[in-house]
Amino acid sequence: ARPPPPARSGARGESRLALVRQRTLSKSENFQRVICKIPNPNFQIPNCRPFGIWVLGFGIFLRLRLFITFEGPEGSGKSTQCHLLAGHLASLGHNVLRVREPGDTEISQQVRQILMDMKNKSMFPATEFLLFSSARAQLVREKIRPHLDGGGIVICDRYYDSSLAYQGYGHGIPLETIRAVTALATDSLAPDLTLLLDIDPE
């Protein structure tokens, strides 16, 4: 058998958006086929946090700490896939938290209302980016990192790759600025896996 590939190297906060896709997914497909299993001892998950080991009675249980993000254009089915994957992993006994950006905390939700209010037509790209980043900072510290530190799996509908795409490449904010602010907002918390739905909305 071929040996497993080595773990990826790279600085914390490095984007995981550039993924090699085997095929294009249609909106009707779902990620229930993506089964998260405890790997064999020789397998390495790139940049994955260590497995939490819990001893209860005479048994030893492995708890996977994993941060998964979904990216893609509006209408591509990200929310549906997040829901399906979270439900499937929970059915396998994993402690799963599903969140979205921006929102899912009281403060982040207030920021979301500002961002989604179509009356705010005079909002500058820098203002938009900083609002997204502030909502992200609250979500990471209030929900995402505590859940990961507790040995759970987090599935997030959008994360900082959306800011690189929309505010960076879209609105022209320098990518160095995007990365610097994002590192502060996320405390350099990078996903272990990013799933990009690179499909045309139906």
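Me: Before anything else, what does buried mean here, as against exposed or partly exposed?
Reply: A residue is buried when its relative accessible area is under 20%, exposed when that area is over 50%, and partly exposed in between, with a 1.4 Å probe and protein chains only. This is a predicted model, in which local features need pLDDT of at least 70 and side-chain atom pairs count only at pLDDT 80 or more, while totals for chains, interfaces and linings use all residues. Residues are numbered from 1 along each chain as its sequence is written, and side-chain values use heavy atoms, with hydrogens and water left out.

Me: Switching topic, how many aromatic pairs turn up?
Reply: A search of the whole structure gives two aromatic pairs. In one of them, the ring centres of Phe-67 and Tyr-159 lie 5.0 Å apart with the planes at 75°, so this pair is edge-to-face. Rings of Phe, Tyr and Trp (its six-membered ring) pair if their centres lie within 6.5 Å, and planes under 30 degrees apart count as stacked, over 60 as edge-to-face and the rest as tilted.

Me: Where do those two residues sit in the chain?
Reply: Phe-67 belongs to strand β3 (residues 66-71), whereas Tyr-159 lies in the loop between β5 (153-157) and α4 (160-170), so the pair links distant parts of the chain, 92 residues apart.

Me: Why does Tyr-160 count as buried?
Reply: Tyr-160 counts as buried because its relative accessibility is 3%, and Tyr-159, also buried, has a relative accessible area of 0%.

Me: Now the helices: at what angle do α3 and α5 pack?
Reply: Helix α3 (residues 125-149) and helix α5 (residues 175-186) pack at about 30°, with their axes 8 Å apart. Axes are lines fitted to C-alpha atoms, for helices over the stretch in contact (heavy atoms within 4.5 Å), and angles run from 0 to 180 degrees between N-to-C directions.

Note on methods: Helix = DSSP H or I, 4+ residues; strand = E, 2+ residues; numbered from the N terminus.
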